[in-house]
Amino acid sequence: MKQKLLFTAIAASVMFAANAQKQSQRTVAYLITSPEKGAPGWTEVKLVDLQTGEEIQSVYRSDSETEALNARTKKPVVKYDEAAKIPHKKIIVLPASTNEQGVRIAERRIEVYETSMLKVDKPFATSSAACAYDKKHERLYYTPMGINQLRYIDLRSNTIYYFEDEPFGALKGAGDVQNQVTRMVIAADGNGYALTNNGEHLVQFTTNKKATITDLGTLTDDAANKVSIHNRGGFGGDMVADEAGNLYVITANRNVFKVNIESRVAVFTGTIKGLPAGFTANGAAVENGRNIIISSATTTTGYYKFNLEKLQAEKFSTPNSVYNAADLANATLVKADERKDDAVKPITEIASAEKIIPPGTEGKEKIAVYPNPVTTGSVKINFTDYLAGNYELQLIDLTGKVISTQALLINNKTQVYEYKLPGQLANGAYLLKIVGSNNRIVNTEKLIIE
């Protein structure tokens, strides 16, 4: 009998291990989708196998009764008596008629905007198109498109938390499309990053117990860009991250930008080819550190994959119909060795490469430069969390040439230094670099002179 029980236990262990291995081989992601496949409105959260289209887990349903808690106090969120006014477009048909002078007026169609009432304390009120999976803490961070607030689902308890009364970006209301956050990811540094449609606000949020939300400011187009990160036609899309600390923004109209977090410079790398007509790239997740899987919010035809070098898409999912998804999220990063190394790199690439520090040794040092752009002869640099010691400030032009250097002594946790710019500088983009001991690049910051 004991032998039989032992055999049964061993068999169960083998089956469990086989299932676990099979699960690990799948490419899965959390996605924000509609109540019904192909329908509008992005209020449901599912964990899905992106190749088979199979739903592994229903994480959130909009018809469920869920009480959200404040992320700081863990108390129930405030219930609003007033609902939000959500604008939506409506087509009105004016039939053909004859006016008082007997002139015949043909039928006309006009667009008007009406407002509907929607409770803003619902977890996915106003829908969402931005989420990020925090594997370390088993959380799915997200933000509603029409509400200026960071929220997350605790995937262990299935509890939803809001960072109440803490602005997340610059959203003024549901109709403020340009400031809606539609791209979000957890980067290699463990922090979350979210980006507005217009690229004017890159928002960082930490995932620790004392979470902080910081608006890092606008992205700057690389001088060689043929397409701008601020182009209105690119509103929507998603972000993924690589192991070297870069972000990749995939816009809804299929353009790809590589963004260095430190300099906040966006380099246009090309346009995704091979996608079917009408396919908008709304969600993005990484497969095995090599390929990017993208979804569309408006079509169920399938999920597609491409790599960052060729930008040539091919169908990844096997079924003819999948969940339309406004956003995808998994914890996989693009492998650093998959990045394309050009023979001649622009200054933004040089700065990114020099900033790489072995995992686990990244510093907490931060700088803030203001005003930026600068129109006077000096800027102020705010140093935070720097170790006391001697540093060197370098000003570098777009060719990589060091224009000037200056020694710095930092002896406070927070210190402000006024840097007087060299005379006769041409207008344009420059790079401020802070160098520490052993020639370690501590921080880099893009500086615009106007």
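This note goes through salt bridges in a predicted model, taking a few pairs in turn.

1. The structure contains eight salt bridges, and the points below look at some of them, including the pair formed by arginine 26 and glutamate 54.

2. The side chains of arginine 26 and glutamate 54 come together in a salt bridge with an N to O distance of 2.6 Å. Arginine 26 sits in the loop between helix 1 (2-25) and strand 1 (28-33), while glutamate 54 sits in the loop between strand 2 (44-49) and strand 3 (55-60), so this pair ties together parts that are 28 residues apart in sequence. Arginine 26 is partly exposed, at a relative accessible area of 22%, and glutamate 54 is also partly exposed, at 39%.

3. Arginine 61 pairs with aspartate 63 in a salt bridge whose closest N and O atoms are 2.7 Å apart. Here arginine 61 is partly exposed, with 47% relative accessibility, whereas aspartate 63 has a relative accessible area of 53% and counts as exposed, because the exposed class begins over 50%.

4. Glutamate 445 and arginine 264 form a salt bridge in which the closest N and O atoms lie 3.1 Å apart. This pair links distant parts of the chain, since glutamate 445 belongs to strand 33 (residues 441-449) and arginine 264 to the loop between strand 20 (255-260) and strand 21 (265-271), 181 residues apart. Both glutamate 445 and arginine 264 are buried.

Methods
Residues numbered from 1 in each chain as written. Predicted model: local features only at pLDDT ≥ 70, side-chain atom pairs only at ≥ 80, totals over all residues. Heavy atoms only, no water. Salt bridge = Lys/Arg side-chain N within 4 Å of Asp/Glu carboxyl O. Helix = DSSP H or I, 4+ residues; strand = E, 2+ residues; numbered from the N terminus. Buried < 20%, exposed > 50% of the residue type's maximum accessible area, 1.4 Å probe, protein only.
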